[in-house]
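Subject: Structure handover and findings

Hello,

I am handing over the structure below. Please load it before reading on, as the notes refer to individual residues.

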Amino acid sequence: MQHNKFTTMRSLKLVDGCKGTQVYALNSTGGGGGGPATGSGGGGVGEKLFHQLQDHLRVNSIRSKSSRNYQASNVIPSVLTETLLPYGLPVSDLLEPQIESCLKFVDFMETLADVYRRIEKCPQFEKSGMYLEQCAIFRGLSDPKLFRWTLRSARQHALDVHSKIVLAAWLRYERREDELVGTYSMDCCGTNIECPKATLVAGYNPESIYDPCICSRTPQAEFEDESSIGYDECSTSDDDGDMSFCIGDDEIKCIRSNIASLSTPFRTMLYGGFRESRRERINFTQNGISVEGMRAAEVYSRTKRLDSFDPRIILELLSFSNRFCCDNLKSACDAYLASLVNDMEDVPLLIEHGLEENAYLLVAACLQVFLRELPNSMHSPNVMKFFCSSDAKERLALVGHASFLLYYFLSQIAMEEDMKSNTTVMLLERLTECATQSWEKQLAYHQLGVVMLERKEYKDAQSWFEAAFESGHLYSLVGVARAKFKRGHTYSAYKLINSLISNNKPVGWMHQERSLYCVGMEKMLDLEMATELDPTLSFPYKYRAVSLLEENKTGAAISEINKIVGFKVSPDCLELRAWISIAMEDYEGALRDVRALLTLEPNYMMFHGKVHGDHLVELLRLLVQQWSQADCWMQLYDRWSSVDDIGSLAVVHHMLANDPGKSLLRFRQSLLLLRLNCQKAAMHSLRLARNHSTSEHERLVYEGWILYDTGHREEALAKAEESISIQRSFEAFFLKAYALADSSLDQESSVYVIQLLEEALRCPSDGLRKGQALNNLGSVYVDCEKLDLAADCYMNALNIKHTRAHQGLARVFHLKNQRKAAYDEMTKLIEKARNNASAYEKRSEYCDRDMAKSDLILATQLDPLRTYPYRYRAAVLMDDHKENEAIAELSKALAFKPDLQLLHLRAAFHESMGDYISAVRDCEAALCLDPNHSDTLELYNKVREQVKEQK
């Protein structure tokens, strides 16, 4: 995918793109930048740097590690560093945060509550549209599972064929099955929800979407029997026919009543007052139908079947049926032609016929093939011409296939592929034309503003952002201010955001934006406030880190960027840390971070978009100790054991460079990425593991994990069982045990999971995975109250350096009323683990209140996304009768992390304080995230009754 790149040195700035966040404006020590770099352009610069470095190394031996200390008095202290940083370092005053392309709200909890209320109250036939709105709201959240769940709900309640095909294709795209080798876009998943045949059937059937589809239950013999037509049925004999149609020299015998039954015009012509009603031979030469077409029409008039004819004849019949208003014939032609559309080669010709003849199902079938081939099909100009222009949209609208839903889907993919392209702009323009509801206009106008800003068309960007704001999207004022700033109206931008903060409840992104338009202490105060209100915003950390670097405080700069990297890994933050590491001559640290960011974004461009990350890896490799594959395994073992996930990612990247087809390494990569909450990259690695698998049983395991991670638990279990039936392997047993354990286990189920994990441990594997299995086995033993067996599992895991087992062993000690031993065990984990926020959180359970508070403060500092510390502190405040402070503690976290448990607890606090209105709102917000959460449903029903009693 193409990244967003800077286009001129004159406009140096930090631009965070839609997906590939390109990081830094640079203090150029050399020439200016040209246009966006292509792969070959990046390679050319990389080769030049590579040769420069090799020349330098030939003349000067690489200095020893002890001489690589960073000198504060000299920002770029060596020729090596100058070679590695040919474009200098980032400049703080030129950094900018990303304007997000999704909907954002000042009071997100109220938005969630409002959506839940409207979904519950709306008619069944309108629920699909409501769920689509919910999808747009969830799009901005970090958890893709919420978006996928809501998208499935929209498909479940879809009524018309158009909505069904778009939503089913979108669900497929979210799994990125186009990346799976050996799969076909029209493959059926086995259930109605995504079956390409089921989606072409109109009707509201929400209860049947997970039922087996028609593909899996149609007997072949029945199909063959139905599809055959006997010779006697194919033509009308002279004895049976009572009239003829003459076309040229050919005569087609027909039965008058059958032809009359085709349409009202035929009935009028053959039985009305026209002269044709008295003739046995009717000249049809000038009516635009061939002899073969008329014979097919005659056969259809008797058999109501079309399946013996060539598609060319069916297309002719479709045109004939339109000309003579033969509605049933048209429907039959439409449905039959739709069933023939199977690949992209069919689409350009057939969609043109469908649009010309107003054939709803034929266009739907063509549209379905195109959508299921995304994103690849978006690069076909022969197909895209049917979507991009206003005229094209109008043609689709005439046949019932232009909708906000369709253009929402297409525009999101276009923005991911290339935000600045003309195709993206045209699709978003069509999206604005289709927008009718307020939220649709807010989204469409705002996204078009974001794209125009990226294209440096600032006047247009400002207009679109203003339109979005006028439609009710407050966040779009950020875009208005940014566009004004770009046009030189800094003070106007400052006043706009200042007014926004004054008139609304302040949130982090408001202060972040205002910081761009002020200087000095005021800027730093705004950035501090932004971090306090929303610690997940990365720009304040990056700005402070670069400012410290400019003051030659490199250690402090690294510490600052480490704060965000510790809980939120992104390519731009890793790039900045690598940049600082190069300036410090810490080449090992820089290489680690570049390898990790390339795992997240394999095509990432560095050095102002001039050099591919892979080239920088080659440069840095010359400056560090070289590892063999055996050394890499040892390094991976050490880093995995010390819970250094970024370091482990870098080692795996190194190993894959030597052995790119190793599916086991891709699988390990996906596990690390999941631990870092990089779900999109993790799923990509898992798909690559599946593609590179060398055996069927291994492929089935990876397919099972893909299904499990996308919410298809039962299908994942089936894949595990199929894999075990082929070969008993560690990974197959582990997958089955893991999927089964992901539910409330009764005694019988727990025993079965134990048996599966024991079987897994009997199979060959390495210590990294066996440690995980032992840890999981210990957890199940604890749940079954078999504490001694659990302790044995954890000790065995620790013996093979599975460091996380300290946490399980601490739990065993706690359950044995040995709190001091439990506390000490967690202390060992804290000392060993590189990422230890969870360890501090867990240790707080095994000490007194003051020590627990201290541990939880540390946990929040290390990872503010962890919700338990906020819930604990709020509960303590409630116990101390500080109700308002308890509510404020929960609200602090909810301001940047919508969380079911936090909302439920705040609702319970409101209920205990007698604030039933607030309790109802929080329950509704929580149920928007999980409508089946039983505790929240119970509380919701209770407080609603209390509200009724107050009225």
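This is a predicted model: local features need pLDDT of at least 70, side-chain atom pairs count only at pLDDT 80 or more; totals for chains, interfaces and linings use all residues.

Residues are numbered from 1 along each chain as its sequence is written, and side-chain values use heavy atoms, with hydrogens and water left out.

Cores

A nonpolar core here is a set of buried Ala, Val, Leu, Ile, Met, Phe, Trp, Tyr and Cys residues joined through side-chain atoms within 4.5 Å. Buried means under 20% relative accessible area, exposed over 50%, and partly exposed in between (1.4 Å probe, protein chains only). The largest nonpolar core has 277 residues, and Phe284, Phe320 and Phe387 touch the most other members. Helix α18 (residues 404–417) gives the most to this core, with 10 residues; helices (H or I, at least four residues) and strands (E, at least two) are DSSP runs, numbered from the N terminus. Apart from this core lies another, of 17 residues, among them Val643, Leu829, Tyr840 and Leu856.

With neighbours within four places in sequence left aside, phenylalanine 284 is in contact with residues including Phe245, Phe266, Met294, Phe320 and Phe324. Contact means heavy atoms within 4.5 Å.

Helix pairs

The axes of helix α39 (residues 767–783) and helix α41 (residues 805–815) come within 10 Å and cross at roughly 20°. Axes are lines fitted to C-alpha atoms, for helices over the stretch in contact, and angles run from 0 to 180 degrees between N-to-C directions. α39 and α41 are therefore roughly parallel; angles under 35 degrees count as roughly parallel, over 145 as roughly antiparallel, 65 to 115 as roughly perpendicular and the rest as oblique. The contact is made by Asn775, Ser779, Val782 and Asp783 of α39 and by Ala805, Arg811, Val812 and Leu815 of α41. By class, the contact of α39 with α41 has four nonpolar, two polar and two charged residues. For these classes, Ala, Val, Leu, Ile, Met, Phe, Trp, Tyr, Cys and Pro count as nonpolar, Asp, Glu, Lys and Arg as charged, and the others, Gly among them, as polar.

For helix α24 (residues 508–515) and helix α25 (residues 520–533), the axes come within 8 Å and cross at roughly 160°. α24 and α25 are therefore roughly antiparallel. Residues from α24 in the contact include His511 and Arg514, and those from α25 include Asp526 and Leu533. The contact of α24 with α25 has four nonpolar, four polar and three charged residues by class.

Backbone

Most residues other than glycine have a negative phi, and most peptide bonds are trans. A cis peptide bond joins leucine 374 and proline 375, with omega about 5°. Proline 375 lies in the loop between α15 (360–372) and α16 (381–384).

Arginine 176 has a positive phi, near 50°. Arginine 176 is in the loop between α6 (161–174) and α7 (214–217) and is buried, with a relative accessible area of 14%. Asparagine 358 also has a positive phi, near 55°, and is partly exposed at 38% relative accessible area.

Other residues

Serine 301, in helix α11 (residues 291–303), is buried, with a relative accessible area of 3%. Aspartate 307 and tyrosine 336 are 29 residues apart in sequence and 7.5 Å apart in space, C-alpha to C-alpha.

Regards
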